[in-house]
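Trainee: Hello! Could you walk me through this structure, one step at a time?

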Amino acid sequence: MNFLSLIAIGSLSVLSVSALAAGDQKINCKTTSSQTPYYYGWASCFASGKLLQEYVSRSSTQWYTIEETEFDGIDWTTYRCSTTLTQKGYDTHSRESCEYTPKAQITSHLVESHYDRRTDTTYYEAGVIVADFTYSDRDGQVQKVEKWVNGVSTTRGHVDITSRSTVKLRVTDNDGHVTETSMTLSPPMIEQCRRGGMLILCGDDFH
């Protein structure tokens, strides 16, 4: 195996798309409680002179209907009446409400140069890698976005990196919460290829 192949093998991992996300964290959380009533106990009432009774373990309403069907040897008769439940209980529910920090994410990918349909091989350019900046705020709006490449401010949504560089993203939301993240990127030294979802060397020996 020649020296160029050794370099290629060592740099194959560069092809993988990388991402670095920060923020979207809960802060200033508060818990509130509420109570929902339920009713229970013995229910009893008369239907056509017949006493109906039933123990109710839980009902969402105080008004309760008892129904009972009897067979007298010839016909089926249904008795029905309504009454109120006198016992009352409560279910307690807790609810958490939070603010969220804004989300800041830097992703990187290589630049596709061409695709060889005959060999099902995708070729990626050497010497360049692209950094993408994305951001959001789940409970409000992003108010301020700051981006840098090696300390130099930029307003672009993505930048081409042609030498080892550090990219940085800082996001401020409408609540004043700030999220900051950074990533150091190195473009590939040589052309890289992918076939069938796998990284391969680009030389003719591997077609």
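**Rings, charges and confidence**

Mentor: Gladly! Let's start with a charge and a ring: Lys 50 lies over the face of Tyr 79, at 5.8 Å from the ring centre. Keep in mind that this is a predicted model.

Trainee: Which residue lies over the face of Tyr 38?

Mentor: A charge counts as over a ring if, among other conditions, it is within 6 Å of the ring centre. Here the distance to the ring centre of Tyr 38 is 3.9 Å, and the residue is Arg 58.

Trainee: Is Tyr 38 buried or exposed?

Mentor: Buried means under 20% relative accessible area. Tyr 38 has 18% relative accessibility, so Tyr 38 counts as buried.

Trainee: How many aromatic pairs are there, and what kind of pair do Tyr 38 and Tyr 40 make?

Mentor: The count comes to three aromatic pairs. Planes under 30 degrees apart count as stacked and over 60 as edge-to-face, with the rest tilted. The ring centres of Tyr 38 and Tyr 40 are 6.1 Å apart and their planes are at 40 degrees, so this pair is tilted.

Trainee: What about the rings of Phe 71 and Trp 76: at what angle are their planes?

Mentor: Their centres are 4.8 Å apart, and the pair is tilted because the planes are at 35 degrees.

Trainee: Which element has the lowest mean pLDDT?

Mentor: The protein averages a pLDDT of 89. At the highest end is strand 9 (residues 142–149), with a mean of 98. The lowest mean, 42, belongs to helix 1 (residues 3–11).

Technical notes. Residues are numbered from 1 along each chain as its sequence is written. This is a predicted model: local features need pLDDT of at least 70, side-chain atom pairs count only at pLDDT 80 or more; totals for chains, interfaces and linings use all residues. Side-chain values use heavy atoms; hydrogens and water are left out. pLDDT is the predictor's confidence in each residue, from 0 to 100. Helices (H or I, at least four residues) and strands (E, at least two) are DSSP runs, numbered from the N terminus. Rings of Phe, Tyr and Trp (its six-membered ring) pair if their centres lie within 6.5 Å; planes under 30 degrees apart count as stacked, over 60 as edge-to-face and the rest as tilted. Buried means under 20% relative accessible area, exposed over 50%, partly exposed in between (1.4 Å probe, protein chains only). A charge sits over a ring if NZ of Lys or CZ of Arg is within 6 Å of the ring centre and within 35 degrees of the ring normal.
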